[in-house]
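Student: Could you walk me through this structure, step by step?

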Amino acid sequence: MGNLVKALKIAANVAEIIVAGSVLIELAEKYGGRLGKKKSATGKVEAVDAAVTAN
C-alpha cells in the first residue's frame, strides 16, 4: 500500500509540472512570443544590410 501512495504522489508531481509548463507556454505566446521578436529583428538586419550595400 505504501508503494501505491508513493507512485500516486510522483504521478501528481509529474502532472503538476506538465500543467505548469503548458501555462508558461500559453503566457509566452499571449504576451509577445518569440515569433514577433524574430520578425522585427530580421527586418532591422535587412534594413542595415540594404543601407550598407547602398553605400
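This is a predicted model: local features need pLDDT of at least 70, side-chain atom pairs count only at pLDDT 80 or more; totals for chains, interfaces and linings use all residues.

Student: OK, how many helices and strands does the protein chain have?
Tutor: The protein chain has 2 helices and 0 strands.

Student: How far does helix 1 reach?
Tutor: Helix 1 runs over residues 2–30, which makes 29 residues, and from its first C-alpha to its last it reaches 42 Å, close to the 42 Å expected at 1.5 Å a residue.

Student: And what comes just after helix 1?
Tutor: Just after helix 1 there is Gly32, whose phi is positive, at about 75°.

Student: Switching topic, what share of the residues count as buried?
Tutor: Of the 55 residues of the protein chain, 0% count as buried, and the accessible surface comes to about 5200 Å², with 68% of that belonging to carbon and sulfur atoms.

Student: Which residues form a nonpolar patch on the surface?
Tutor: That patch is formed by Val19, Val23, Leu24, Leu27 and Tyr31, which together have about 520 Å² of accessible area.

Student: Where is Leu27, then?
Tutor: Leu27 sits in helix 1.

Student: Why does Leu27 count as partly exposed?
Tutor: Leu27 counts as partly exposed because its relative accessible area is 42%, and that class lies between under 20% for buried and over 50% for exposed.

Methods. Residues are numbered from 1 along each chain as its sequence is written. Side-chain values use heavy atoms; hydrogens and water are left out. Helices (H or I, at least four residues) and strands (E, at least two) are DSSP runs, numbered from the N terminus. Buried means under 20% relative accessible area, exposed over 50%, partly exposed in between (1.4 Å probe, protein chains only). Accessible areas come from the Shrake-Rupley method with a 1.4 Å probe; for residues, only the protein chains shown count as cover. The expected span of a helix is 1.5 Å times one less than its number of residues. Patches are made of residues with over 30% relative accessible area and no salt bridge: like charges are joined within 9 Å, nonpolar side chains (Val, Leu, Ile, Met, Phe, Trp, Tyr) within 5 Å. A salt bridge is a side-chain nitrogen of Lys or Arg within 4 Å of a carboxyl oxygen of Asp or Glu.
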